[in-house]
Amino acid sequence: MAKRVVDSVALAGTRFVLGVSPTSMARQADGRISVAYTEKGGEAKTMTFDTVVFAIGREVQTAGLGLAEAGVQTDKVGRIYHRNERTTTPNIYAVGDVLANGLELTPVAIQAGVLLMQRLYDGRKEKMSYALVPTVVFT
């Protein structure tokens, strides 16, 4: 879906600069915005735009945590397999963007964490229902 949106907006004349790290922005006398950024290879560049919109992606950062040694199974990019936030190791739990087949939404992670703590420490039974979370794509 995201690719369709990007392709459609690009056809209308919007220029996308992907996979870079912005280092500074400055408004020019003509009102346009000069953006300095570094490409993945380390090369520094500057471009000028009428409008700047940031879109920050998410990448799972579970490498080096020793999950496999603890018996926690992950998918090929490091997202954790779970059932009701319980990983494949009975005493290890996970919530948020790190879950395989989860939703990358902050309010969902907060609610899942609250419900998990209530189950673990307050004797409650309610589980997070990921199927009932409304989502939308803004264009």
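Me: How do I read accessibility here: does Asp50 count as buried or exposed?
Reply: Asp50 counts as exposed, because its relative accessibility is 58%. The cut-offs are under 20% relative accessible area for buried, over 50% for exposed and partly exposed in between (1.4 Å probe, protein chains only). Keep in mind that this is a predicted model, where local features need pLDDT of at least 70 and side-chain atom pairs count only at pLDDT 80 or more, while totals for chains, interfaces and linings use all residues. Numbering starts from 1 along each chain as its sequence is written, and side-chain values use heavy atoms, leaving out hydrogens and water.

Me: And which residue does Asp50 form a salt bridge with?
Reply: The general idea first: side chains of opposite charge can pair when their charged atoms come close. Here the partner is Arg32, with the closest N and O atoms 3.8 Å apart (a salt bridge needs a side-chain nitrogen of Lys or Arg within 4 Å of a carboxyl oxygen of Asp or Glu). Asp50 sits in the loop between strand S3 (44-49) and helix H2 (106-121), and Arg32 in the loop between strand S1 (21-27) and strand S2 (33-38), so the pair ties together parts that are 18 residues apart in sequence. Those elements are DSSP runs, numbered from the N terminus: helices (H or I) of at least four residues, strands (E) of at least two. Arg32, at 31% relative accessibility, is partly exposed.

Me: How many salt bridges does the structure hold?
Reply: Six. Among them is Glu39 with Lys45, where the closest N and O atoms are 3.4 Å apart. Glu39 is partly exposed at 26%, and Lys45 is partly exposed too, at 33%. Another links Asp75 and Arg79 at 2.9 Å, N to O. Asp75 counts as buried because its relative accessibility is 14%, whereas Arg79, at 31%, is partly exposed.

Me: Which residues line the largest cavity?
Reply: Gly96, Leu99, Leu103, Val108, Ala109, Ala112 and Tyr130.

Notes:
On a 1 Å grid over the protein atoms alone, a cavity is a set of points where a 1.4 Å probe fits but cannot get out, and a pocket is an open set with protein on both sides within 12 Å along at least five of seven lines; lining residues have an atom within 4 Å of a point.
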